[in-house]
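Okay, everyone, thanks for coming. Let me put my structure up on the screen, and then we'll walk through a few spots together.

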Amino acid sequence: MMDPTTDNAGPAGNPGAARASLESLRAEIAKAVVGQDPAVTGLVVALLCRGHVLLEGVPGVAKTLLVRALASALELDTKRIQFTPDLMPSDVTGSLVYDTRSAEFRFQPGPVFTNLLLADEINRTPPKTQSSLLEAMEERQVTVDGTPRPLPDPFLVAATQNPVEYEGTYPLPEAQLDRFLLKLTIPLPSRQDEIDVLTRHAEGFNPRDLHAAGLRPVANAADLEAARAAVAKTTISPEITAYVVDICRATRESPSLALGVSPRGATALLATSRAWAWLTGRDYVIPDDVKALALPTLRHRVQLRPEAEMEGVTADSVINAILAHVPVPR
């Protein structure tokens, strides 16, 4: 890996120091969360790209703890919303309340005014409330009573959904799924990882007290801004751009898919590949970067045909087959 001290300092700070700080996130978060390195990396990539993340996993695999640990290690503010069928849009964005002392209405900010927003079980709330998050995700502002109010920077929505329980849920429409930069699957832990989790709890680990677990800030918003500036300078050759386009166009021609990746998805894959290249110590993108981020960036942007789904085909298997057949630039 490239020596981070060889980078030149940018206007927002030292990119080399920022990379070193972000690399140390895994070790720091591992003090609270066992065996979820790919998810940690995905969340960091999303922060670098100013994107949002959909976390999918069964209950009890530390999705909430992961976001809280990331916020603590990055010294960022975090809030959590439990999405329920009776949740109103104003419960997310905030509302105007009457102040009896001043005899005026004042804006009471909702939980969306934070750096890392955990939208827990987002598919349990009706589309009207889901859409209240859409402006915040896309425009990074909320509009209440005709007045736009900017959200803090950085701002990331980490939305969770349960892949096995569909009763009483409102599946996210394709247009809203496309707003998420990445879809990360949180697997059940391996046997050894689960033993480690139980051992920690037996020794007194309290997931509600991250400070007692030894979790400390190892990076901050300034490091993130310096990293973003460095990522923006990462070189992308015309061949890599064409490779990304060929992969996305292949999804539109796949007989197993009813819906392929849109140009927005191609732009997202280019951005995440660029961030991954920088995180691994390079200032240019190679085909392996594109392959590494193809699944989390594209899996939620495609729609399987019913007959393919009945045959056991998955979005991941289709994308993997496309990666195996699309010619790789030399």
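Before we count anything, here's the rule: rings of Phe, Tyr and Trp (its six-membered ring) make a pair if their centres lie within 6.5 Å, and planes over 60 degrees apart count as edge-to-face. Keep in mind that this is a predicted model.

So, how many aromatic pairs does that rule give? The count is two. One is Tyr98 with Phe105: the ring centres sit 5.2 Å apart and the planes meet at 65°, so we call the pair edge-to-face. Tyr98 is partly exposed, at 47% relative accessible area, and Phe105 is exposed, at 60%. Then there's Phe107 with Phe113, with centres 5.7 Å apart and planes at 70°, so that pair is edge-to-face too. Here Phe107 is buried, at 17%, and Phe113 is buried as well, at 18%.

Rings also turn up with charges. Arg19 has its charged end over the ring of Trp278, 4.6 Å from the centre, and Arg282 lies over the face of Tyr284, 5.7 Å from the ring centre.

Now on to helix α6, residues 127-139. Just past α6, Arg140 has a positive phi of about 55°.

Residues 1-12, though, fall below 50.

Terms used: Residues are numbered from 1 along each chain as its sequence is written. This is a predicted model: local features need pLDDT of at least 70, side-chain atom pairs count only at pLDDT 80 or more; totals for chains, interfaces and linings use all residues. Side-chain values use heavy atoms; hydrogens and water are left out. Helices (H or I, at least four residues) and strands (E, at least two) are DSSP runs, numbered from the N terminus. pLDDT is the predictor's confidence in each residue, from 0 to 100. Contact means heavy atoms within 4.5 Å. Rings of Phe, Tyr and Trp (its six-membered ring) pair if their centres lie within 6.5 Å; planes under 30 degrees apart count as stacked, over 60 as edge-to-face and the rest as tilted. Buried means under 20% relative accessible area, exposed over 50%, partly exposed in between (1.4 Å probe, protein chains only). A charge sits over a ring if NZ of Lys or CZ of Arg is within 6 Å of the ring centre and within 35 degrees of the ring normal.
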